[in-house]
Amino acid sequence: MKSIDARITDFYAEYDEASRLHATAVGRLEFERTRELLRRHLPAAPARVLDVGGGPGTHARWLTRDGYEVLLVDPVPKHVEQARAYAPGCSAELGDARDLALPSNCFEAVLLLGPLYHLAGRADRLRALREACRVAVPGGLVAAAGISRYSLMQDYTVSASLTPELLAGEVTQVISTGSYDGSRGFTVIHFHTAAELAEEATEAGLNGVSVHGIEGPGWAYVVAADRYASQKVAGALLADAIATARLADEHCALADASSHVLAVGTA
């Protein structure tokens, strides 16, 4: 397995990734919309699905329950053990998105719902996407997620914490370059624009690429309610946020207004 940036592995060794998509309303929004979009594009079960960077098995769990044959690979040993316990119907093993120890043309669907935004270099992201294309059967689905270039600014804004220092520093840096060094509360990240994600997916060999905003433009209001009102109030906004995301999905210009974007294509 290729060397993983120690800042990333150290972060996830301590961070509770297993509860991220369930502990908050905005996490549930991301989970429910990701699942909705994937179900729209996945081949019928039973089909072989490779969940690259699948973490603690959050998506592998519902995929196996939907009848898919799932193999999860992740570079973090803790995540592999958690996935085996949380999604017992799937197989889970250590692996690197850039160098998959798997034969070519063997999965009807390949998911990269986490690796791309932890690969700071474009060459590494293209390598991961090309590996996904390689292990997918011809015409198989490849779906890859990125974090929106504008989500950091939106997050600070709804938190009323967009200070002049942050605006002139990391927020401007992220919007200008997409690069974030993990110095404040997270880890190494690349933030995509929807156009950039589509371009990388196409260059890597995917066909018929489309990009979807996952949470839609209403996600920031859910974040604000989560932080300043209550879980009950935030949860009450979920249905409206999902309806907004579905409407926005009909207008590609709104994809960047989501917190995450999802590129979908075929190998």
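Buried means under 20% relative accessible area, exposed means over 50%, and partly exposed lies in between (1.4 Å probe, protein chains only). The model is predicted: local features need pLDDT of at least 70, side-chain atom pairs count only at pLDDT 80 or more, and totals for chains, interfaces and linings use all residues. Residues are numbered from 1 along each chain as its sequence is written, and side-chain values use heavy atoms, with hydrogens and water left out.

**Exercise 1. Cysteines**

Solution. 
1. A disulfide is a pair of cysteine sulfur atoms within 2.5 Å.
2. For C90, which is in no disulfide, the nearest cysteine sulfur belongs to C106 and is 16 Å away.

**Exercise 2. Helix α2 and its two partners**

Describe how the axis of α2 is placed relative to α9 and to α3, and list the residues that meet.

Solution. 
1. Conventions come before the geometry. Helices (H or I, at least four residues) and strands (E, at least two) are DSSP runs, numbered from the N terminus. Axes are lines fitted to C-alpha atoms, for helices over the stretch in contact, and angles run from 0 to 180 degrees between N-to-C directions. Angles under 35 degrees count as roughly parallel, over 145 as roughly antiparallel, 65 to 115 as roughly perpendicular and the rest as oblique.
2. Helix α2 (residues 25–41) and helix α9 (residues 219–228) have axes that come within 8 Å and cross at roughly 150°. The two helices are therefore roughly antiparallel to each other.
3. Contact means heavy atoms within 4.5 Å. On the α2 side A25, V26 and L29 take part, and they meet W219, V222, V223 and D226 in α9. This contact comprises 6 nonpolar, no polar and 1 charged residues, where Ala, Val, Leu, Ile, Met, Phe, Trp, Tyr, Cys and Pro count as nonpolar, Asp, Glu, Lys and Arg as charged, and the others, Gly among them, as polar.
4. The axes of α2 and helix α3 (residues 58–65) come within 11 Å and cross at roughly 45°, so α2 and α3 are oblique to each other.
5. The crossing of α2 and α3 is right-handed; a crossing is left-handed if the near helix is turned anticlockwise from the far one by less than a right angle, and right-handed if clockwise.
6. F31, T34, R35, L38 and R39 in α2 meet T58, H59 and W62 in α3. By class, 3 of these residues are nonpolar, 3 polar and 2 charged.

**Exercise 3. Helix α5**

Solution. 
1. α5 passes α8 in a right-handed crossing.
2. R122, R125, L126, L129 and R130 of α5 make the contact with E196, E199, E200, A201 and E203 of α8. The division by class is 3 nonpolar, no polar and 7 charged.
3. E131 also belongs to α5 (residues 122–135). Its relative accessible area is 11%, so E131 is buried.

**Exercise 4. Backbone geometry**

Identify the cis peptide bond from A45 and describe the phi and accessibility of N105.

Solution. 
1. Most residues other than glycine have a negative phi, and most peptide bonds are trans.
2. The bond from A45 to P46 is cis, with omega near 0°; P46 lies in the loop between α2 and β1 (48–52).
3. N105, although not a glycine, has a positive phi of about 60°. N105 is in the loop between β3 (91–94) and β4 (107–112), and its 48% relative accessibility makes it partly exposed.
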